[in-house]
Amino acid sequence: MPVTSLRAKVKPEHVADTEELVRRLFAAVADKAPEGIRYASTKAADGQTFFVFLQLEDGIVDNPIVEYPEFKELQAGLTEWMLEPPAMDQLTVIGSYRLF
């Protein structure tokens with residue numbers, strides 16, 4: 001199962017806004033507990049670059065999270081807050097312990 005990664009660097013004045021919306025999104029994910037996905041968000045040491053990792057189990061075609069209001073709110077904010085265009089990549093998991 002491939003993993004989708006997304007990297008987004010936000011303007012310094014919007015780091016706290018981004019973190020808050022990410023926390024809200026993950027609270028919604030925990031509340032709804034969608035099956036068949038693995039989802040994580042991290043922040044790099046530079047304090048401005050956020051990474052998102054998503055893995056859908058085989059047979060799951062659509063990511064249910066994109067329909068959550070919290071996801072849409074985060075996406076709307078990032079449209080204004082990003083310092084540079086986001087970078088998306090497909091990763092192949094070679095090994096993982098409890099992450100993917």
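**Figure 1. Arginine 7 and its bridge partner in β3.** In strand β3, the residue bridged to arginine 7 is phenylalanine 51. The model is a predicted one, in which local features need pLDDT of at least 70 and side-chain atom pairs count only at pLDDT 80 or more, while totals for chains, interfaces and linings use all residues. Residues are numbered from 1 along each chain as its sequence is written, and side-chain values use heavy atoms, with hydrogens and water left out. Helices (H or I, at least four residues) and strands (E, at least two) are DSSP runs, numbered from the N terminus. β1 and β3 are paired antiparallel through six bridges; two strands count as paired if DSSP finds at least two bridges between them. Threonine 4 also faces a residue of β3, namely leucine 54.

Figure 2. β4 covers residues 87-91 and pairs with β1 in the antiparallel sense over five bridges. Opposite leucine 91 of β4 stands valine 3.

**Figure 3. Glutamine 55 in strand β3.** Setting aside neighbours within four places in sequence, the contacts of glutamine 55 are Met1, Pro2, Val3, Gly36, Ile37, Arg38, Val93 and Phe100. A contact requires heavy atoms within 4.5 Å.

**Figure 4. Helix α1 and valine 22.** The 18 residues of α1 should span 26 Å at 1.5 Å a residue, and the end C-alpha atoms are 26 Å apart, which agrees. The expected span is 1.5 Å times one less than the number of residues. Buried residues of α1 are Val15, Thr18, Glu19, Leu21, Val22, Leu25, Ala28 and Val29, and their cover includes β2, β3 and α2. Valine 22 counts as buried because its relative accessibility is 15%. Not counting residues up to four places away in sequence, valine 22 touches Ser41 and Leu74. Its C-alpha atom lies 17 Å from that of aspartate 46, a residue 24 places away along the chain. Just after α1, alanine 33 has a positive phi of about 45°.

**Figure 5. The buried face of helix α2.** Residues 69-81 make up α2; at 1.5 Å a residue these 13 residues should span 18 Å, in agreement with the 18 Å between its end C-alpha atoms. Phe71, Leu74, Gly77, Leu78 and Trp81 are its buried residues. Seen down the axis of α2, these residues fall within an arc of 130°, so they line one face of the helix; the arc is that of the directions from the helix axis to the C-beta atoms. The face turned away from this buried side carries Pro69, Thr79 and Glu80, which are exposed. Cover for the buried residues includes β1 (3-9), α1 (15-32) and β2 (37-43). Glycine 77 of α2 has a relative accessible area of 9% and is therefore buried. Between the C-alpha atoms of glycine 77 and aspartate 17 the distance is 8.2 Å, although the two residues are 60 apart in sequence.

**Figure 6. The largest nonpolar core.** This core has 18 residues, and those with the most contacts inside it are Leu25, Val29, Tyr39, Ile65, Tyr68, Phe71 and Leu74. At least two residues come from each of α1, β2, β3 and α2, and α1 gives the most, with six. A nonpolar core is a set of buried Ala, Val, Leu, Ile, Met, Phe, Trp, Tyr and Cys residues joined through side-chain atoms within 4.5 Å. Isoleucine 65 is in contact with Leu25, Val29, Ile37, Tyr39 and Phe71, leaving aside its neighbours within four places in sequence. In soluble globular proteins, nonpolar side chains tend to be buried together.

Methods: Buried < 20%, exposed > 50% of the residue type's maximum accessible area, 1.4 Å probe, protein only.
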